[in-house]
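The following exercises are to be worked through with the sequence and the structure at hand. Each task is followed by a solution in steps.

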Amino acid sequence: KNHRACLAALAQFVLRRVRKEYVCLCHGHFPIPSSPPRFLEAPLREVVDEEWGTWTSVVDRSGRRARTGVCAVEHLVSPDGEKFSL
């Protein structure tokens, strides 16, 4: 709510002390980790869809370093047979 708090929060992100949790829907069946968490490490860049106002992350050598731990995976199949992972 103030400038000092904003800088303190930003510092936590820069120092990579913030833990975030995500739910991700993926095309295809992602391998289930044999001993969770399975870590994915790749540089990511954000891409914005101007029409929809949404964004996604893509692997890009010029992107920012990212490390994500996958703790659990569920496999889904749509009525038309398309595979997804959650």
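**Exercise 1. The pairing of S2**

In which sense do S2 and S4 pair, and over how many bridges?

*Solution.* The model under study is a predicted one.

Step 1. Strands S2 and S4 pair in the antiparallel sense, and 7 bridges join them.

Step 2. Within this pairing, Glu41 stands opposite Arg67 of S4.

Step 3. S2 also pairs with S3 in the antiparallel sense, over 6 bridges. Ser57 of S3 stands opposite Glu46.

Step 4. S2 and S3 form a hairpin, with 4 residues between the two strands. Gly53 lies in the turn and has a positive phi of about 70°.

**Exercise 2. The salt bridges**

How many salt bridges does a search of the whole structure find? Describe the partners of each.

*Solution.* Step 1. The search finds 2 salt bridges. The general principle is that side chains of opposite charge can pair when their charged atoms come close.

Step 1. Glu41 forms a salt bridge with Arg67, and the closest N and O atoms are 3.5 Å apart. This pair links distant parts of the chain, since Glu41 is in strand S2 and Arg67 is in strand S4, 26 residues apart. The C-alpha atoms of these two residues are separated by 4.5 Å.

Step 2. Is Glu41 buried or exposed? Glu41 has a relative accessible area of 59%. The cut-off for an exposed residue is over 50%, so Glu41 counts as exposed.

Step 3. Asp60 and Arg45 meet through their side chains in a salt bridge, at 2.7 Å from N to O. This pair, too, links distant parts of the chain: Asp60 is in the loop between S3 and S4, and Arg45 is in strand S2, 15 residues apart.

Step 4. Arg45 has a relative accessibility of 38% and therefore counts as partly exposed.

**Exercise 3. The surroundings of Arg67**

Leaving aside neighbours within four places in sequence, with which residues is Arg67 in contact?

*Solution.* Step 1. Arg67 lies in strand S4.

Step 1. With those neighbours left aside, Arg67 is in contact with Arg16, Phe39, Leu40 and Glu41. Glu41 is also the salt-bridge partner of Arg67.

Step 2. Arg16, another of the contacts, lies in the loop between H1 and S1.

**Exercise 4. The largest pocket**

Which residues lie nearest the centre of the largest pocket?

*Solution.* Step 1. The largest pocket holds about 2,100 Å³ of space, and 36 residues line it.

Step 1. Of these lining residues, Tyr22, Leu44, Ala66, Arg67 and Thr68 lie nearest the centre.

Step 2. Two or more lining residues come from each of these elements: helix H1 (3-14), strand S2 (38-49), strand S3 (54-59) and strand S4 (64-70).

Step 3. Sorted by class, the lining has 21 nonpolar, 5 polar and 10 charged residues.

**Exercise 5. Backbone angles**

Which peptide bond is cis, with omega near -5°? Which residue has a positive phi of about 60° although it is not a glycine?

*Solution.* Step 1. As a general rule, most residues other than glycine have a negative phi, and most peptide bonds are trans.

Step 1. The cis peptide bond runs from Pro36 to Pro37. Pro37 lies in the loop between S1 and S2.

Step 2. The residue with the positive phi is Arg16. Its relative accessible area is 43%, so Arg16 is partly exposed.

**Exercise 6. A loop residue**

Where does Ala72 lie, and is Ala72 buried or exposed?

*Solution.* Step 1. Ala72 lies in the loop between S4 and S5.

Step 1. Ala72 is exposed, because its relative accessible area is 62%.

Step 2. Ala72 and Phe39 are 33 residues apart in sequence, and their C-alpha atoms are 12 Å apart in space.

Methods: Residues numbered from 1 in each chain as written. Predicted model: local features only at pLDDT ≥ 70, side-chain atom pairs only at ≥ 80, totals over all residues. Heavy atoms only, no water. 1 Å grid on protein atoms, 1.4 Å probe; cavity = no way out; pocket = protein on both sides within 12 Å on 5 of 7 lines; lining within 4 Å. Points joined across faces, edges and corners; volume = space filled by probe spheres on them. Nonpolar A, V, L, I, M, F, W, Y, C, P; charged D, E, K, R; others polar. Pairing = 2+ DSSP bridges. Contact = heavy atoms within 4.5 Å. Salt bridge = Lys/Arg side-chain N within 4 Å of Asp/Glu carboxyl O. Buried < 20%, exposed > 50% of the residue type's maximum accessible area, 1.4 Å probe, protein only.
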